[in-house]
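Good morning, and thank you for coming. Please look at the display as I speak.

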Amino acid sequence: MSTATEPVDVHDPPRVTTQSWWQREGADNAKRNLALLGVMVVLLIIGMVTAPDIFLDGKNLWNNEVTVLTQASSIGVLTVGMTFVMISGGIDLSVGALLALASVWCTTVATQSYGAGAMIFAAIAVGAVAGLINGSLIAYGKLVPFIATLAMMLSARGLAQSISGSHTQINRDAFINGFALNKVAGIPIVVLIFLAVVAVGWVLLNRTTFGRRTIAIGGNAEAARLAGINVRLQTVALYVLSGVCCGIAALIVVSQAQSGSNTHGDLYELNAIAAAIIGGTALTGGRGTIIGSLLGVLIFTQITNLFIINNLQLDLQRIINGGIIVVAVLIQQFRVTSFWRKPASS
């Protein structure tokens with residue numbers, strides 16, 4: 001018994017199932033950033049409800065958000081360097097202590113006597129040298145990043161205390177102090193420095209071979225080595241970059257406080273790590289964005305701002321921040337973004 005078959009047109013092109021931009025793997029970062037922007041909107045709405053005199057008045061809102069950016073500037077600069085290190089699969093617990101050390105070193109009487117240029121050089125050089133030591137211990141000494149940077153954290157904090165004699169060192173340089181006092185188009189210079197570091201970090205991560213190598217090492221260090229990447233040298237360079245960010249952040253803090261102190265940067269390393277995690281940087285390496293980290297910093301700072309405005313206790317703020325970190329890590333672990341995609345048609 002013969003079976004009739006429908007003729008097939010060999011000239012018909014094969015049907016290709018196309019995915020929308022929203023369904024593509026590469027859109028994950030954009031989805032995450034949109035979600036973070038949504039969180040920012042929610043925080044602003046909370047502000048409108050709890051403090052309408054600030055958040056529903058245009059001038060007061062502008063002044064408040066400029067204050068938020070100013071408060072975020074130092075931790076934001078640290079977070080840029082931390083993001084690079086975490087994308088590579090590492091961690092840097094020493095950033096807060098290095099900020100303190102750089103702030104003390106650049107505000108000694110001897111350094112200040114040479115002027116603002118010497119102070120800027122001293123702060124950045126201290127961070128870079130410390131980052132070089134961190135990177136060398138990890139890349140060539142084979143120390144785990146957690147241990148190497150923990151040792152640096154303790155040593156740097158102790159050295160800062162020794163240099164300063166546990167006293168606050170007043171900064172008398174008008175140029176450095178002007179970073180926080182002076183504005184350009186209504187925006188403090190410290191904020192412009194922060195945004196400039198973010199811009200440079202974005203270009204470095206997304207438009208250079210340095211960024212591609214960083215992502216490759218974080219994804220699979222052995223595969224990156226076999227592909228011809230000098231993993232050790234790249235690792236050292238990443239920690240030097242983190243150290244340079246510590247030096248820049250130290251100058252911002254010195255400008256804002258008009259002093260250097262061994263107590264500067266307390267717990268900043270945890271805030272920087274938390275902001276990077278909130279922004280989507282994977283603890284295991286291989287994934288992260290500068291824009292996401294920027295939004296993570298702003299979210300944390302906006303929460304702090306709301307707590308201050310509403311006279312809420314600091315301990316409650318830390319509890320909520322801890323909860324935010326847990327939720328962010330759970331989202332990364334279970335990849336909630338996979339639920340946003342429509343199932344592929346069979």
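Let us begin with Q258, which is found in the loop between α12 and β4 (259–260). The names of the elements follow DSSP runs: helices are H or I runs of at least four residues, strands are E runs of at least two, and both are numbered from the N terminus. The model is predicted, so local features need pLDDT of at least 70 and side-chain atom pairs count only at pLDDT 80 or more, whereas totals for chains, interfaces and linings use all residues. Residues are numbered from 1 along each chain as its sequence is written, and side-chain values use heavy atoms, with hydrogens and water left out.

Is Q258 buried or exposed, or something in between? Q258 has a relative accessible area of 34% and is therefore partly exposed. The scale is this: buried means under 20% relative accessible area, exposed means over 50%, and partly exposed lies in between, using a 1.4 Å probe and protein chains only.

What does Q258 touch, if we leave aside its neighbours within four places in sequence? Q258 is in contact with Q169, I170, N171, N177, L181 and V253, where contact means heavy atoms within 4.5 Å. Take I170 from that list: Q258 and I170 are 88 residues apart in sequence, yet 6.2 Å apart in space, C-alpha to C-alpha.

We now step back into helix α12, where S255 lies. S255 counts as buried because its relative accessibility is 1%. The side chain of S255 reaches the backbone nitrogen of A180 at 2.7 Å, and it reaches the backbone oxygen of N177 at 3.3 Å. A polar contact is a pair of N or O atoms within 3.5 Å; within protein, one must be able to donate a hydrogen and the other to accept it, and residues adjacent in sequence count only if both atoms are side-chain atoms. Beyond its neighbours within four places in sequence, S255 is in contact with residues including I176, G178, F179 and V190.

S103 counts as buried because its relative accessibility is 0%. Its contacts, again leaving aside neighbours within four places in sequence, are A250, V254, G260, S261 and H264.

Next, the record. The UniProt annotation "transmembrane region", from an unreviewed entry, covers residues 34–55, 75–102, 114–133, 181–205, 236–255, 290–308 and 320–340. UniProt positions are given in the numbering used here, feature names are shortened, and such annotations may be inferred rather than shown by experiment. In the model, residues 236–255 are 100% helix and 0% strand, with end C-alpha atoms 29 Å apart. Residues 290–308 are also 100% helix and 0% strand, and their end C-alpha atoms are 27 Å apart.

Let us turn to empty space. Rolling a probe the size of a water molecule over the atoms shows where such space is left. On a 1 Å grid over the protein atoms alone, a cavity is a set of points where a 1.4 Å probe fits but cannot get out, a pocket is an open set with protein on both sides within 12 Å along at least five of seven lines, and lining residues have an atom within 4 Å of a point. Grid points are joined across faces, edges and corners, and a volume is the space filled by probe spheres set on the points.

How much space lies in the largest pocket? About 690 Å³. Of the 25 residues that line this pocket, the closest to its centre are I75, Y268, N271, T304 and Q317. Helix α15 gives the most to the lining, with 6 residues.

The whole structure has 1 cavity of 30 Å³ or more, and the largest cavity holds about 40 Å³. Two or more of its lining residues come from each of α3, α9 (189–206) and α14.

Finally, two loop residues. K142, in the loop between α6 (116–139) and α7 (145–164), has a positive phi near 65°. S166, in the loop between α7 and β1 (169–170), has a positive phi of about 60° although it is not a glycine. Most residues other than glycine have a negative phi.
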